[in-house]
Amino acid sequence: MAATDVFVAIVFYLVAATMILAGASMVLARNMVRSALWLVLTLAGVAVMYVLLSADFLAVAQILVYVGAIMILMLFAIMLTPNQVDLPSAAPQAQRISAALTALAVFGISVFVMLSHRWNVRAVPLDAPSSERLGVLLMSTYVLPFEIASLLLTAGMIGAIVIAREE
Amino acid sequence: MLESFGPVAIFVVVAAIFPILPLVLGSLIAPKKPDRVKLQPYESGMETIGPTHIQFRTRYYLYALIFVIFDVEAIYLFPWAVALDQLGLFGLIEMGIFIAFLLVAFAYAWKKRALEWE
């Protein structure tokens, strides 16, 4: 069991370091397409984190939806942007300062919440595939949210068509 | 549970090494005699005129959006399919309602000719 823990720790720190590097590269990249591709790496790292947390279904959903679909959407959005692919090398001074302040505030709040909140920790780690249990719960206890999600998707799609049709 | 992701980990590592190794080997072994034609983006292709980052048609975005919607729908199908033998007829009807809603959106897209290429 100890060997598994060491292995999990190694993978965690490797992936965490990769995610931080990819995230920093994403922010620092001048080219928006490269920026988006760095974000792909960061989101893939989140999927590995889910695996380490025994959330197998969430990990696959993360790959399929975020790494797959959402990133395609983002790349398309970049390609649709005229002449804005390369960002200007210098933003106005006021904008830089306010951006730095906002980033610092978000970072501070995140760290505060992480440290101050009393997170529930399972005594025994969940060590079973979660898809089947999720399926049963979705169809029994959470059937209403499940059907509402379908309505939400429908509304999203119709909205997308209405907006995108007006060229 | 974690052990069952072992093959996935091996796959990811191999997938990372697989494209990098030939590139590294190629840059080490291959002789380098560049000239103007060889340095073109596509040898024996046409040279690009103007900037390559052009604005694409908004049409593509609509396809991407519809793809995302159905991708999210597909995500819901997996846990349902795994648990289907426990859920029985009730689960089948619930998923039927779920898909029926999305079929309305699909019919709307069809009706509005959103899926046709002009």
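Mentor: The following account treats the contact between the chains, then a pair of helices, and then the cores.

This is a predicted model, in which local features need pLDDT of at least 70 and side-chain atom pairs count only at pLDDT 80 or more, while totals for chains, interfaces and linings use all residues. Residues are numbered from 1 along each chain as its sequence is written, and chains are lettered from A and ligands numbered from 1 in the order in which they are written.

The contact takes 44 residues from chain A and 39 residues from chain B; two residues are in contact if their C-beta atoms, placed from the backbone, lie within 7 Å. On the side of chain B that touches chain A, α2 and α3 (84-111) each supply at least two residues. Helices are DSSP runs of H or I with at least four residues, and strands are runs of E with at least two, numbered from the N terminus. The largest share of this side, 17 residues, comes from α2(B). Its residues divide into 30 nonpolar, five polar and four charged. Here Ala, Val, Leu, Ile, Met, Phe, Trp, Tyr, Cys and Pro count as nonpolar, Asp, Glu, Lys and Arg as charged, and the others, Gly among them, as polar.

One pair of helices deserves attention. The axes of α5 (residues 131-139) of chain A and α2(B) come within 7 Å and cross at roughly 100°. α5(A) is therefore roughly perpendicular to α2(B), a term for angles of 65 to 115 degrees. The axes are lines fitted to C-alpha atoms over the stretch in contact, with angles running from 0 to 180 degrees between N-to-C directions. In α5(A), residues including A:Leu134, A:Leu138 and A:Met139 meet B:Phe78, B:Pro79, B:Trp80 and B:Val82 of α2(B). The residues of this contact divide into seven nonpolar, two polar and one charged.

The largest nonpolar core has 14 residues, and A:Met157, B:Leu62, B:Leu65, B:Val68 and B:Ile69 have the most contacts inside it. Such a core is a set of buried Ala, Val, Leu, Ile, Met, Phe, Trp, Tyr and Cys residues joined through C-beta atoms within 7 Å; a residue is buried if 20 or more other C-beta atoms lie within 10 Å of its own. A second, separate core of eight residues includes A:Met139, B:Tyr76, B:Trp80 and B:Met95.

How values were computed
Buried ≥ 20, exposed ≤ 12 C-beta atoms within 10 Å, placed from the backbone. Parallel < 35°, antiparallel > 145°, perpendicular 65-115°, else oblique.
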